[in-house]
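Subject: Structure for handover

Dear colleague,

Here is the structure I said I would pass on. My notes on it follow below.

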Amino acid sequence: MIETTTIDSTALRTHVTVKTVLPEECLPQKIFVLLHGNIYPEGEFSLIENLPEELALEELCEKHHLVVVIPYMKSCYYISTELYNCDQFVARELPEWICRKYSLLSDSEKILGGISMGGYGAALIGAHTGVFRKIVSISGAYIANDVVIGNPEVWGDRIPTRESTKGSYLYYFLPLDQVCESTDKNAIAALALFSEKNMNPVFAVTCGTKDWLYPRNLAFVKNLEELGITYDFLPIDDGGHDSSCFKKGLWKAMEKIELKSLLNSV
């Protein structure tokens, strides 16, 4: 079952459209917040509208007893600002709303995942909040370094000024001289926060081997390894940056982390 709801968010200071996918044959036991990729032009809702079918989310909910919730948020790489607090919304407001609406226990297991920009956001928000013990990154767009060096694949023909980046996700990374070390903006730098919180979440990282982001994902899991963070890297052979690869990656990731939970409980 798929529902679309508009909720009023204090953290984001705006109304937020949320798409919820629920199982029909079982009672949901876990909450899976799934963050979407970059929407360009911003306001193009079809990206989220198509996700449940493209990713077979209804079947995923039935198999793993999940409520999947996809919030329609800005193309800001899930970087929080004073007026748009992604951390507070995704980790606090949204799970509380889900529990109230669907009568789930407040201590229900919470999983955070994301596609492309959403994979970046899942790592960033997961590190900032410490709420999610399982984090799924699907073809994560770990582009902070590309932003800093002005990679044309990311910047296009823009120049790195506030004026030129208005209306673009690049605006949220400025000023560039602070990005590399910023735990607020750089998902890889933020991973160190897990150690500070004495947390070791389980990461499942997937990416197609023909995706232009594949080398960035290899670098990301190397950072996880260096920090001693538990992860599984699940490459999708010949996969690109497309819905078919996203679906394969999501299903492989969920199988892996759920199997790991089962083995740990024995």
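Two strands are taken to pair if DSSP finds at least two bridges between them. Helices (H or I, at least four residues) and strands (E, at least two) are DSSP runs, numbered from the N terminus. This is a predicted model, in which local features need pLDDT of at least 70 and side-chain atom pairs count only at pLDDT 80 or more, while totals for chains, interfaces and linings use all residues. Residues are numbered from 1 along each chain as its sequence is written, and side-chain values use heavy atoms, with hydrogens and water left out.

The sheet

Eight strands form an open sheet with mixed pairing, in the order β1-β2-β4-β3-β5-β6-β7-β8. The edges are β1 (2-9) and β8 (231-236); each has a single partner strand, so one side of each is left without a neighbour in the sheet. On average, neighbouring strands are turned by 20° against each other, direction ignored. Axes here are lines fitted to C-alpha atoms (for helices, over the stretch in contact), and angles run from 0 to 180 degrees between N-to-C directions.

Strands β5 (residues 109-115) and β6 (residues 134-138) pair in the parallel sense over five bridges. Within that pairing, Gly 113 has Val 136 in β6 as its bridge partner.

Strand β4 (residues 66-71) has six of its six residues buried, so it is largely enclosed by the rest of the structure. Buried means under 20% relative accessible area, exposed over 50%, and partly exposed in between (1.4 Å probe, protein chains only). Leu 66, Val 68 and Ile 70 cover one face of β4, and Val 67, Val 69 and Pro 71 the other, all of them buried. β4 pairs with β2 (residues 14-21) in the antiparallel sense over four bridges, and with β3 it runs parallel, again joined by four bridges. Val 68 in β4 stands opposite Val 21 and is also the bridge partner of Phe 32.

Helix α4 and its contacts

Helix α4 (residues 117-129) packs on the sheet and touches β3 (30-35), β5, β6 and β7 (202-208), with its direction at about 140° to that of β5. Contact means heavy atoms within 4.5 Å. The helix has 13 residues and reaches 18 Å from its first C-alpha to its last, close to the 18 Å expected at 1.5 Å a residue; the expected span is 1.5 Å times one less than the number of residues. In α4, 13 of its 13 residues are buried. Gly 130 follows α4 and has a positive phi, near 65°.

The axes of α3 (residues 86-102) and α4 come within 10 Å and cross at roughly 75°. The two helices are therefore roughly perpendicular to each other (angles under 35 degrees count as roughly parallel, over 145 as roughly antiparallel, 65 to 115 as roughly perpendicular and the rest as oblique). On the α3 side the contact is made by Cys 86, Asp 87, Val 90, Ala 91 and Arg 92, and on the α4 side by Ile 125, His 128 and Thr 129.

Helix α10 and Asn 217

Helix α10 (residues 214-226) lies across β6, β7 and β8, running at about 160° to β7. Asn 217 is found in α10 and is buried, with a relative accessible area of 0%. Among the residues that Asn 217 touches are Ser 137, Gly 140, Val 205 and Phe 233, not counting residues up to four places away in sequence. The C-alpha atoms of Asn 217 and Gly 140 are separated by 6.7 Å, although the two residues are 77 apart along the chain.

Regards
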